[in-house]
Amino acid sequence: MPLTTVAEGRVFDWSHAVGHNAQRGPGFNYVQTMSLGKNGVIYTANRGANMHCNKIQLGGPHEEEWLVDFCEGGEGDGTCTRPFGIAVDNEKDHVYVSDDWRNTISVFDTAGNFIRKWGNTGSGDGELMRPAGLAVEKNGNVIVVDSGNNRLQVFTPEGQFVGKCGRGGSGDGEFNNPWGITLDKDGNVYVADWKNHRIQKLSPEGKFLMKFGEYGKVEAPEGAFAVTHFGPYVSAGSETAHYPKPGLLNHPTDVAVDPDGDIYVTDWGNHRVCIFDSEGRPIANLIGDAQVLSKWGQQRVDANPDMAKARRRVKSLEPQWRFCFPTAVEFDHESDRIIVADSMRNRLQVYQKVRDYSDFQANL
């Protein structure tokens with residue numbers, strides 16, 4: 001199967017996978033969301049049996065390194081019940097974690113040491129109800145996706161309320177259980193409007209600018225993995241299309257924007273990442289290509305002969321390559337890498353946006 005996706009003058013090349021299932025230590029436990037730090041470091045929030053956050057050095061293929069676990073389950077400061085969002089302020093070396101059970105935001109340093117927390121339950125200004133995604137503005141203020149209240153709220157790093165925008169609904173600038181959030185280079189805000197099955201773009205002041213996406217389920221025929229640039233095959237409502245309709249989303253969970261303006265959306269219910277241009281026009285889809293195990297995954301197989309034998313008996317490992325309910329996406333501006341949280345497979349899949357791509361030309 002091809003590991004390179006070429007579409008609309010762009011090339012996306014699968015690089016490697018990172019992680020495997022782990023209650024703590026090297027690996028992930030239902031990785032929910034993530035945020036990039038400096039020099040290829042990534043922070044993740046895990047919502048499996050052992051709730052916690054961790055810090056990983058990504059590196060290249062088979063070069064990942066586990067650094068630390070923090071914000072583990074428990075009582076008191078520096079612990080969590082259900083971590084949801086995570087964001088890094090690379091200027092102040094602060095890490096923010098939202099807890100959608102306690103309705104709080106906890107702040108840590110980049111070594112995982114607790115600094116402070118803030119947040120009260122409610123629907124008033126500065127109060128939170130199931131806080132989800134987080135983003136840090138250039139001025140250091142923190143945007144919180146206040147999912148239960150269907151709005152965004154802005155706070156100072158110390159937790160002082162600054163402003164808000166949005167309300168419940170399906171109109172422009174309205175939300176229905178919003179989830180992930182990101183900022184582009186100009187400070188515009190992109191929100192994964194989960195139950196409205198769309199992405200909304202707002203100005204830095206919270207003014208509605210654009211929306212794209214509509215509800216649709218994407219399914220492949222039984223036994224088939226036929227994929228086009230907009231694939232796989234589509235079933236929308238009661239009508240099944242042989243060729244997919246562009247722009248369909250099924251509960252999008254997160255969004256990222258690269259320096260070229262291309263937009264990446266984790267299409268959670270359709271098990272893929274949808275790529276759009278800066279105007280919201282569909283370009284391509286990534287469906288997961290992990291044909292090679294991660295370093296930690298391979299170490300686990302090598303240490304368990306029965307697991308290795310079981311893998312050799314499987315008729316096809318292709319389902320394992322694919323995304324299964326991806327929940328988060330990040331674009332690393334330093335390396336042009338697209339990083340996807342493949343939540344149900346307890347790993348990250350990494351793609352490269354290739355610059356100056358050319359095919360080998362042979363004289364025939």
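**Reading strands, salt bridges and pockets in a predicted model**

Guide: In this predicted model, strand 3 and strand 4 (residues 41-46) run antiparallel and are joined by 5 bridges. Within that pairing, Thr-33 has Ala-45 of strand 4 as its bridge partner.

Visitor: What holds the strands of a sheet together in general?

Guide: Strands of a sheet pair through backbone hydrogen bonds, in a parallel or an antiparallel manner. In the present case, 4 strands make up an open sheet in the order 3-4-5-6, with antiparallel pairing. Strand 3 (31-36) and strand 6 (65-70) are at the edges; each has a single partner strand, so one side of each lacks a neighbour in the sheet. On average, neighbouring strands of this sheet are turned by 25° against each other, direction ignored.

Visitor: How many bridges join strand 5 to strand 6?

Guide: Strand 5 (residues 52-57) is joined to strand 6 by 5 bridges, and the two run antiparallel.

Visitor: Which residue takes a positive phi in the hairpin of strand 3 and strand 4?

Guide: That residue is Asn-39, with a positive phi near 55°, in a hairpin that has 4 residues between the strands.

Visitor: Is strand 3 mostly covered or mostly uncovered?

Guide: As a general idea, side chains in a regular strand alternate between the two faces of the sheet. Strand 3 is mostly covered, with 6 of its 6 residues buried.

Visitor: Turning to side chains, how many salt bridges does a search of the whole structure find?

Guide: Side chains of opposite charge can pair when their charged atoms come close. The search finds 24 salt bridges here. In one of them, the side chains of Asp-262 and Arg-10 meet at 2.7 Å, N to O. This pair links distant parts of the chain, 252 residues apart: Arg-10 lies in strand 2 (residues 10-18), and Asp-262 lies in the loop between strand 26 (252-257) and strand 27 (263-267).

Visitor: Why does Asp-262 count as buried?

Guide: Asp-262 counts as buried because its relative accessibility is 2%, and the cut-off for that class is under 20% relative accessible area.

Visitor: Where do Arg-82 and Asp-100 lie?

Guide: Arg-82 forms a salt bridge with Asp-100, with 3.2 Å between the closest N and O atoms. Arg-82 is in the loop between strand 6 and strand 7 (83-89), whereas Asp-100 is in the loop between strand 8 (94-99) and strand 9 (104-109), and 18 residues separate the two. Arg-82 is partly exposed, at a relative accessible area of 26%, while Asp-100 is buried, at 7%.

Visitor: Is the partner of Arg-322 in its salt bridge, Glu-318, buried or exposed?

Guide: Glu-318 is buried, and Arg-322 is buried as well. The closest N and O atoms of their salt bridge are 2.7 Å apart. Elsewhere, salt bridges with shared partners connect Arg-10, Asp-258, Asp-260, Asp-262, Asp-336, Lys-353 and Arg-355 into one network.

Visitor: How much space lies in the largest pocket, and which residues are closest to its centre?

Guide: The largest pocket holds about 1100 Å³ of space. It is lined by 44 residues, of which Val-88, Asn-90, Val-136, Thr-182 and Leu-183 are the closest to its centre. Elements giving two or more residues to this lining include strand 3, strand 13 and strand 17 (178-183). Strand 7 supplies the largest share, 6 residues. By class, the lining divides into 18 nonpolar, 15 polar and 11 charged residues.

Visitor: Which residues line the second largest cavity?

Guide: The lining consists of Gly-76, Asp-77, Gly-78, Thr-79, Arg-102, Thr-104, Ser-106 and Lys-117. These divide into no nonpolar, 5 polar and 3 charged residues. The second largest cavity contains about 40 Å³ of space.

Note on methods. Residues are numbered from 1 along each chain as its sequence is written. This is a predicted model: local features need pLDDT of at least 70, side-chain atom pairs count only at pLDDT 80 or more; totals for chains, interfaces and linings use all residues. Side-chain values use heavy atoms; hydrogens and water are left out. Two strands pair if DSSP finds at least two bridges between them. Axes are lines fitted to C-alpha atoms, for helices over the stretch in contact, and angles run from 0 to 180 degrees between N-to-C directions. A salt bridge is a side-chain nitrogen of Lys or Arg within 4 Å of a carboxyl oxygen of Asp or Glu. Buried means under 20% relative accessible area, exposed over 50%, partly exposed in between (1.4 Å probe, protein chains only). On a 1 Å grid over the protein atoms alone, a cavity is a set of points where a 1.4 Å probe fits but cannot get out, and a pocket is an open set with protein on both sides within 12 Å along at least five of seven lines; lining residues have an atom within 4 Å of a point. Grid points are joined across faces, edges and corners, and a volume is the space filled by probe spheres set on the points. Ala, Val, Leu, Ile, Met, Phe, Trp, Tyr, Cys and Pro count as nonpolar, Asp, Glu, Lys and Arg as charged, and the others, Gly among them, as polar.
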